[in-house]
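Let's walk through a structure together with a few questions and answers.

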Amino acid sequence: MPGLPRFHLDTSAPHSRRPCHQWPGSWASLQKTVVILCLLLSSTSLSPTHAQTEIPLETVKLWADTFGRDLYDTVTKYSGSLLLQKKYKDVESSLRIKEVDGLELVRKFSEDMETMLRRKVEAVKNLVEAAEEADLNHEFNESLVFNYYNSVLINERDENGNYVELGAEFVLESNAHFSNLMVNTSISSVQLPTNVYNKDPDILNGVYMSEALNTVFVENFQRDPTLTWQYFGSSTGFFRIYPGIKWTPDENGVIAFDCRNRGWYIQAATSPKDIVIVVDTSGSMKGLRMTIAKHTISTILDTLGENDFVNIIAYSDYIHYLEPCFKGILVQADRDNREHFKQLVDELMVKGVGVVNQALTEAFQILKQFQEARQGSLCNQAIMLITDGAVEDYEPVFEKYNWPDRKVRVFTYLIGREVTFADRMKWIACNNKGYYTQISTLADAQENVMEYLHVLSRPMVINHDHDITWTEAYMDSKLFTTQAQSLMLLTTVAMPVFSKKNETRSHGILLGVVGSDVALRELMKLAPRYKLGVHGYAFLNTNNGYILSHPDLRPLYRDGKKLKPKPNYNSVDLSEVEWEDRAETLRTAMINGETGSLSMDVKVPLDKGKRVLFLTNDYFFTDISDTPFSLGVVLSRGHGEYILLGNTTVEEGLHDLLHPDLTLASDWIYCITDIDPDHRKLSQLEAIVRFLTGEDPDLECDEELVREVLLDAVVTAPMEAYWTAMALNTSEKFLTPEDEASIFTMDHFPLWYRQAAEHPAGSFVFNLRSAEAPESPGQPMVVTASTAVAVTVDKKTAIAAAVGVQMRLEFLQRTFWAATRQCGTVEGPCPESCQDSLLDCFVIDNNGFILISERSQEMGRFLGEVDGALMTQLLSTGVFSQVTMYDYQAMCKPSNHHHSAARPLVSPISALLTATRWLLNELLLLLLEWSAWGSWRADSKAEAKAVFHQSHKHKKQDMLQPCDTQYPVFVHQTAIQETNGAIECGACQKIFVMQQIPSSNLLLLVTDPTCDCSIFPLILQEATEVKYILPILHDMPAEGRVEVKETSLRGSDFEKPRPASLTVSIPPSPTEHCDLFSSLPPHSDLPPLGAASDLRSHLQDSWSHQGEFLPELSL
């Protein structure tokens, strides 16, 4: 059938974790596809029915050309883009373009980072030596009386106005280096959790001994002013922190922080370990015992980190794995898996008789299998036995699997107050190099669980192995309420402190752990943004594959009006950010600490995912010596491979640099001003001036960046006079720190700059911007137009600048309506006009967003949300293509899960059970409310309890959880500059004409509004959660499927492969199929990194590429 439009389906973007089946909505989607296809099959080219308005193609082209010409003339005139191009052309002879050597660049950055981190390690070593020496010279005094600065009590007074005990006057001052917190840089303070007595003899002796660290703290800070927090966490529970700070209890008056639970303490105090937790769920464990056992398991899980591996086995008269899909394996104890286990522990039920030998046998077999396969931690192995002590037939298991070598330690936890079976539990622990403890209350769990860490650390202590430990990225809670997310992410370097006393050396006594924080933002400053180009960036990851720092890492999410850290923010895998690394080549190389490079074609999301750039990126990577970290540098092909260099005199450059209309990028580091206290009050511009004039020889500045700033200042100097002559109103500043997407930051170039760099030379990119802040809903929409200025020297092209103009949307509309009054050779009034009722006109950008419409409520919206028929036709004819993007850091509301993937009401039995439960609940409520023997108070309590339970349940269901989403982005295919057609909409045809607007990223669409095409569904640019099905079990009946959270299913491979995301099919016997997980290959269906490199824009100027303020057109 001639002229038949074809229906377009996007298959160009493979999903990095493509499942065998994506069930949700698939049937509905198929039905929708059939409907749209049938509708399109009846479309024809341009054959309007009678009584419908014809749209002359020549007239639409005239309108588009006229509007494009007028628009280009206006933005060229007021932006001064031609003048700026001429100025760079004038100095072309003094310019040179240097090709960037990515490998050399990443090695240089790595060496600088290694030097910085080595200084932190030296500071920690100084603290270790001082602490061990102080302990060696200290004799324990049971009756020691000693006052110290308690972080909670300092500066506190009693009702008589006197300082409370341990709360003397402690001078605190705001310090910019410590995020403007109130601190004392001359001395440390001591914090203790609420459950640790602050005058216990062990505490007093430890605090007294550690007073010797105060001098070292201060000396370290003087030697390396980039140091932040330094601290000593004692094995007895106190925490000495420098600089001294006031510690505030929570709203309940509790200090929950216990340094011994922190990742840096646990990782430094012990070596990596494989743990199998064996818990008794027999009938004798019912009630409080089971509650204590659950709390004990959760406490043990809290002591594990990403270098550890774990599994949990429950036993009664049979054994079962808490997670059936982890049968027979160990999984990495990252945060996701630990939280998954905790949820399963909460659901444990007691029944049957306890038979421990089967569970112990299973645990030993897992550990043996992993040891022989060289998997897991390849270090310590242990079994944690949690029971009320009623165990038997265990000795033959130890004889078979653990004696005489005793390679696996067994720790026993006797639950409850009964001591009848204490001897058995002690025997098991002592004959397997473990430790026995009794936990009779919930409060006992914390202290007693920690004892196993001391046992596991003994070999390390005896050998005095002072291993250096680096943690994953984490958030400093003190900074959370005041700092941006890039400021909050830290890593800690930590080392253990041992007792060196001869009489206790063989006992292997761990005194504690010392550590120091490193702000990752400070580390990334050593990879200057200007050297990486418009789209380039640097990133860090650990040898576990987790991101330390990456411009696309989003550790926070918005919950209502509050920003909160995501539950899994510090376990985001490299493959979840660089998701186009399908073969995991980049990830594997960086985990292994290799040095090298590779290239990938990538899709880079922009403008909160509404737009996308298609780039070819070069990735360069290497390790950072003596750390578990690797550094990656990304440069984009083309202009990203070059850097523009020029020469200008200091005198000329300084004159133009000091112009009041010029502003520097506030996040960029031109000179180091945060080390020397005398420099901290200097702005970057003031520091540059002092550096260039020789006024302050101690200032350290980036000479290459300063030279480029001077060049740009000289070249752009005439722009201010030009704009003044244009009489532009610059009273409004729209490039402000609040508008982060429009300014230069450490992570990215502005949106308008990045889009202009990828647009054809000489044309402008138009973006509609509106106020999204709730406090300014009435702010008028504005349009930003920008273009890039490129310089070519010796056949090499680099982006020198981007320049543009901001105009009110009303001005753009007036220009457009005037252009559409043109009608070519026709004399008199035009027969057609965009402002009459017979035509509907849209101006959209290259991503389908409406800039101009006759209806103001449609402006800024996606065309598919307004006219589904028209957008469907543009997609089917190839004018637009749909690109599927993925977000592996999304947050979703949890769906109401049912044990079956099928709908609950499909089953009559399920419906009957549901109805029965409802009737029983109603009956119970009725009895509680009207019971004659129940007092009013009892009824009130019962009602309050029920209400609380329901509200808590609903609140838990409403909480956002980490998820994977996919979302569409629509892109105009520039090869198609004009098209027309008719859409069959039942009784009528909807005629449309599309025409490219010259020298822009805009399209003109003219349609017939008289034809109702509402039978076409709207096309929404919405994210949908991705669900996964385990491929090899896809034929399992729906009743057997159980959904398992993707992020919790991380394998136990030593190289820690990318987590697989699956919905597991489980038949009536839950352990029958899930062990297939261990044989599944890791997914490699991923996508890659984004990179770029250009290297201009470090200087912000009213209308140059560095503009902090852009002029507004008031026309």
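Q: Leaving aside neighbours within four places in sequence, which residues is Arg409 in contact with?
A: This is a predicted model, where local features need pLDDT of at least 70, side-chain atom pairs count only at pLDDT 80 or more, and totals for chains, interfaces and linings use all residues. Residues are numbered from 1 along each chain as its sequence is written, and side-chain values use heavy atoms, with hydrogens and water left out. Taking contact as heavy atoms within 4.5 Å, the partners of Arg409 are Gln381, Ala382, Ile383, Asn432, Lys433, Val455, Leu456 and Pro459.

Q: Is Arg409 buried or exposed?
A: Buried means under 20% relative accessible area, exposed over 50%, and partly exposed in between (1.4 Å probe, protein chains only). The relative accessible area of Arg409 is 14%, so Arg409 counts as buried.

Q: How are α8 and α9 oriented to each other, roughly parallel or roughly antiparallel?
A: Helix α8 covers residues 288-302 and helix α9 residues 335-346 (helices are DSSP runs of H or I, at least four residues, numbered from the N terminus). They pack at about 175 degrees, with axes 10 Å apart; axes are lines fitted to C-alpha atoms over the stretch in contact, and angles run from 0 to 180 degrees between N-to-C directions. Angles under 35 degrees count as roughly parallel and over 145 as roughly antiparallel, with 65 to 115 roughly perpendicular and the rest oblique. The pair α8 and α9 is therefore roughly antiparallel.

Conventions: Helices (H or I, at least four residues) and strands (E, at least two) are DSSP runs, numbered from the N terminus.
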